[in-house]
Amino acid sequence: VTPHLLHIDKYLTYMTKLQDKCSSEITRQRKKLKELSVSLKDLEDVDAITEIEDSINDRSNAFSEMEAFLPKKNGLYLTLVLGNVNVTLLNKQSKFAYKDEYEKFKLALTVILFVFSFTCRFLFSYRALDALFNFLLVWYYCTLTIRESILITNGSRIKGWWVFHHYVSTFLSGVMLTWPEGALYQMFRNQFLTYCLYQSFVQFLQYYYQSGCLYRLRALGERHNMDLTVEGFQSWMWRGLTFLLPFLFFGHFWQLYNSITLFRMFQLPECKEWQVAMCGCSYMVLFMGNFFTTLGVVYQKYMNNQEKSKTL
C-alpha cells in the first residue's frame, strides 16, 4: 500500500468520525429544541413566544439542510435491495447530477417504451415480443423504485402515492409477464398495448413541461433543487401546467376501464388464469390512488385560492 493511499484512508476515517459526531450533535440539539418548545407553554408573552418559535423553525430547517449531507440509515426497501451500503452523496453537485441522470433515464425509457408498445400493437403480434415488452416494464419500474429511494435519502421530496404507485406498476407488469398465451390474453392485449402507448405519450408531455416549470421555479427560489418530475399532478404545477389535467384524468379513467374489462373477463366460464383478477385489482388500485390524489391536490389548491380571494 502506497503512502498516498494510506493518507486517503486516514482522511476518510477522520471524515467518517466527524460525520458521526455531527449526526449525534444534531440529534442532541433537536431534543433540546423539542424541550424548549414544550416549555413555551408556560410563557405568557405572545410576541416572545412567536419570536422563539420562529427561531426554533429556523434551527430545524438548518439541521435538515445539514442532515442532507450526512450518512443516513437506508430504508427497508433499500436495505433489502442493497444492504447497508451508504448511498448518501456528499455534495450538491453529485446530488444534482444523480437527479439529472434520473430524469434523463425516465425520458429515454419513456421514448423506448412508446416505440416498443407501438411495434407490438401495430407491427408484430408475437407473445415472445409481448413478454420482452413486459419484462422491460418490470425492469423499468424496479429501477425507478431503487433510484427514487436513493434520491429521497439525498433530499428529494417525492412522497406518498407517487412513490407507492411505482411498486404497484412493478407488480402489475410482473403479472402481465406471467399471463400465458390464450383467448383471454388476446382479448385484452390490444387494449393493454393502446393504453401503454397513451401512458408513454402523457409521461413524455409531463416530463417536457414539468422540467421546464421546475427550472423556472428553482431559478425563482420557490422549489428545492432536488425536486423531481412525477407521473401525476402536484400543487407546484398549478401555475402553467393545468392544461395537463384532462390528459391525466383521461388516463386515470382508462385504468378504471381496464379494471372493469378484466373483472368482466374474470366472470367468463372459460377464465382459468389468476392473472386476470390480479391485473384487474392492480388497475383498480392505480385508478383510485391516481384519481383521488390528483383530485385532492386540485381541491386543496381551489380552497387555498378561495381563502386568498376572501382576504383581498
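**Salt bridges, nonpolar cores and buried polar residues**

K104 is exposed, with a relative accessible area of 52%, on a scale in which buried means under 20%, exposed means over 50% and partly exposed lies in between, as computed with a 1.4 Å probe on protein chains only. The structure is a predicted model, in which local features need a pLDDT of at least 70 and side-chain atom pairs count only at pLDDT 80 or more, whereas totals for chains, interfaces and linings use all residues. Residues are numbered from 1 along each chain as its sequence is written, and side-chain values use heavy atoms, with hydrogens and water left out.

The side chain of K104 meets that of D100 in a salt bridge, with an N to O distance of 3.4 Å; the term denotes a side-chain nitrogen of Lys or Arg within 4 Å of a carboxyl oxygen of Asp or Glu. Both residues belong to helix α4 (residues 92-123), where they are 4 residues apart and thus separated by about one helical turn. Helices are DSSP runs (H or I, at least four residues), as strands are (E, at least two), and are numbered from the N terminus. D100, at 30% relative accessibility, is partly exposed.

In total, the structure holds 4 salt bridges. One of them joins E101 to R147, whose closest N and O atoms are 2.5 Å apart. Since E101 lies in helix α4 and R147 in helix α5 (residues 127-153), this pair ties together parts that are 46 residues apart in sequence.

The buried residues of α1 are Q19, I26 and L33. L33 is also in contact with S60, as is R30, when the neighbours of S60 within four places in sequence are left aside, contact being defined as heavy atoms within 4.5 Å. S60 itself is found in helix α2 (residues 46-67) and, at 21% relative accessibility, counts as partly exposed. The C-alpha atoms of S60 and Q29 are separated by 9.2 Å, although the two residues are 31 residues apart along the chain.

A nonpolar core is a set of buried Ala, Val, Leu, Ile, Met, Phe, Trp, Tyr and Cys residues joined through side-chain atoms within 4.5 Å. The largest such core has 46 residues, of which F133, M176, W179, F188, F192, L262 and Y283 touch the most other members. The elements that contribute two or more residues to this core are α4, α5, α6 (161-178), α7 (183-219), α8 (245-266) and α9 (275-311), and the largest share, 9 residues, comes from α7. Apart from this core lies another, of 5 residues, including L33, L40, I56 and F63. Beyond its neighbours within four places in sequence, F133 is in contact with L113, F116, S117, C120, F192, L193 and C196.

Two further polar residues are buried. T119, in helix α4, has a relative accessibility of 18% and counts as buried. A polar atom of its side chain lies 2.8 Å from the backbone oxygen of V115, and, with neighbours within four places in sequence left aside, T119 is in contact with F124 and L129. S173, in helix α6, is buried with a relative accessible area of 6% and touches N134, L137, V138 and Y141, not counting residues up to four places away in sequence.

In an unreviewed entry, UniProt lists residues 105-126, 132-150, 162-180, 236-254 and 274-299 under "transmembrane region"; the positions are given in the numbering used here, feature names are shortened, and such annotations may be inferred rather than shown by experiment. In the model, residues 132-150 are 100% helix and 0% strand, with end C-alpha atoms 27 Å apart, whereas residues 162-180 are 89% helix and 0% strand, with an end-to-end C-alpha distance of 30 Å.

Conventions: A polar contact is a pair of N or O atoms within 3.5 Å; within protein, one must be able to donate a hydrogen and the other to accept it, and residues adjacent in sequence count only if both atoms are side-chain atoms.
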